[in-house]
Amino acid sequence: QVQLVESGGGLVQAGGSLRLSCAASGRTFYYAMGWFRQAPGNEREFVAASSRSGSEKAYADSVKGRFTISTDNAKNMGYLQMNSLKPEDTAVYYCAVTPNWGPQPAAYNYWGQGTQVTVSS
């Protein structure tokens, strides 16, 4: 079992920045950590993923150049730096881990409870 706890969400104006954190505990055996988001009425969508080593990273086209994913293996932490935020980035953001790799939510077997990000125009 892996427990994941997100933090760092909040309300920010368009153009602003937020840094989300994800703390992993328990049996922290996973290959990659991903970030997903879900807005009301929408399906959960992939945002970014990183292998624990950082050698593999992937981003959704909608966030490339604005968001940066990183990990700190010594602390079992993951981060999502979000810059140049837009109102359409408003959603609940989830971190998740997988023994595999990929953008599909079904590949991730442990999930956090989510943190709300609201971007005002």
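Cys22 and Cys95 form a disulfide, with 2.0 Å between their sulfur atoms. The coordinates come from a predicted model, and the structure holds one disulfide.

**Disulfide**
- The S-S torsion of Cys22 and Cys95 is about 55 degrees, so the disulfide is right-handed.
- This pair links distant parts of the chain, since Cys22 lies in strand E3 and Cys95 in strand E9, 73 residues apart.
- Both Cys22 and Cys95 are buried.

**Nonpolar core**
- The largest nonpolar core comprises 31 residues, and Trp35, Val47, Phe67, Leu80, Met82 and Tyr93 have the most contacts inside it.
- Strands giving two or more residues to this core include E1 (2–7), E3 (18–26), E4 (32–38), E9 (91–98) and E11 (115–120).
- E9 gives the most to this core, with five residues.

**Strand E11 and its partners**
- In a regular strand, side chains alternate between the two faces of the sheet.
- Strand E2 (residues 10–13) runs parallel to E11 and is joined to it by four bridges; Leu11 stands opposite Thr118 of E11.
- E9 pairs with E11 in the antiparallel sense over three bridges, and Ala91 has Val117 in E11 as its bridge partner.

Note on methods
Residues are numbered from 1 along each chain as its sequence is written. This is a predicted model: local features need pLDDT of at least 70, side-chain atom pairs count only at pLDDT 80 or more; totals for chains, interfaces and linings use all residues. Side-chain values use heavy atoms; hydrogens and water are left out. A nonpolar core is a set of buried Ala, Val, Leu, Ile, Met, Phe, Trp, Tyr and Cys residues joined through side-chain atoms within 4.5 Å. Buried means under 20% relative accessible area, exposed over 50%, partly exposed in between (1.4 Å probe, protein chains only). A disulfide is a pair of cysteine sulfur atoms within 2.5 Å. Two strands pair if DSSP finds at least two bridges between them.
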